[in-house]
Amino acid sequence: YGIKLLNGLGNSSLLNSTSNLGFMNPASIVELSNYSIGLSYQISTPIYFPKPLKEISMPRGYNIIPQSFGAIYHNNDLSIGLSLGQEFNTAVKIEREETNNQYPEGTGTFFIDQIENTIEKYSISIAYNFLNSIFRESNFSIGVRYNLNRLYGYEKLGKIEAEKSVFSSSFELGIQYKTGEEGNLKRFGLSFI
């Protein structure tokens, strides 16, 4: 599941939007508009497999949760951003009929087995813009992001169910340099995860 502008151009944040705040270079949040909020949704219909696997479908789990969300606030040269995003979201559903020795062709009782997995990222980003710090009419910014990552898994096989959430933390560091005027603008961005 792709998110808009999460390629080299977007990750270095030469171009991007507030909704992708948690996925781009943390130093680049200084470029986003103050008091901006962005939201993206991704909804997909299930994928159904042809025979003999026609009982299997792959819907996207938790369509109600946004694909990504971001909010930005600037106070002079300091920028703060809050974000959440889904890095992975999928489910597999298998419909099957119960069988036993007495009814090997099926008992008429059906089960829906399912496996769901999501990876969500909740982040806070802080960046500082050093205006005119290296050359005249140039900006150099440095940023850091703290991520709280959540892996959620759910499995239902027949009458047995299991559910688990695991959390982990990660940090990202980024720099961005911009110089020149409109029409002759040069930008460079680099981020480390």
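In the predicted model, the largest nonpolar core comprises 7 residues, namely L21, M24, I29, V30, L32, I72 and A127.

The chain as a whole contains 1 helix and 9 strands, and its elements follow the order α-β-β-β-β-β-β-β-β-β from the N terminus. Of the 193 residues in the chain, 37% are buried. Among contacts with a separation of 6 or more, 56% are accounted for by residues 24 or more positions apart. The accessible surface of the chain amounts to about 11,700 Å², with 60% belonging to carbon and sulfur atoms.

L21, a member of the largest nonpolar core, is also among the residues in contact with S83. S83 is located in strand β5, which spans residues 78–97. With a relative accessible area of 7%, S83 is buried. Its side chain reaches the backbone nitrogen of G22 at 3.4 Å. Beyond neighbours within four places in sequence, the contacts of S83 comprise L21, G22, F69, G70, K121, Y122 and S123.

The salt bridges number 5. In one of them, the side chains of K178 and E31 meet with an N to O distance of 3.3 Å. K178 belongs to strand β8 (residues 160–179), whereas E31 lies in the loop between α1 (8–11) and β1 (36–40); the pair therefore ties together parts 147 residues apart in sequence. K178 is buried at a relative accessible area of 17%, because the limit for burial is under 20%. E31, at 28% relative accessibility, is instead partly exposed.

K121, one of the contacts of S83, takes part in a salt bridge with E172, at 3.5 Å from N to O. This pair links distant parts of the chain, with E172 in strand β8 and K121 in strand β6 (residues 110–131), 51 residues apart. Both partners are buried: the relative accessibility of E172 is 6%, and the relative accessible area of K121 is 7%. E172 additionally forms a salt bridge with R145, for which the N to O distance is 2.8 Å. Here the linked parts are strand β8, holding E172, and strand β7 (residues 138–157), holding R145, at a separation of 27 residues. R145 is buried, with 0% relative accessibility. Through salt bridges that share partners, E87, K121, R145 and E172 are joined into one network.

Definitions and conventions
Residues numbered from 1 in each chain as written. Predicted model: local features only at pLDDT ≥ 70, side-chain atom pairs only at ≥ 80, totals over all residues. Heavy atoms only, no water. Helix = DSSP H or I, 4+ residues; strand = E, 2+ residues; numbered from the N terminus. Buried < 20%, exposed > 50% of the residue type's maximum accessible area, 1.4 Å probe, protein only. Polar contact = N/O pair within 3.5 Å; in protein donor to acceptor, adjacent residues only side chain to side chain. Contact = heavy atoms within 4.5 Å. Core = buried A, V, L, I, M, F, W, Y, C linked by side-chain atoms within 4.5 Å. Areas by Shrake-Rupley, 256 points an atom, 1.4 Å probe, with all protein chains shown as cover. Salt bridge = Lys/Arg side-chain N within 4 Å of Asp/Glu carboxyl O.
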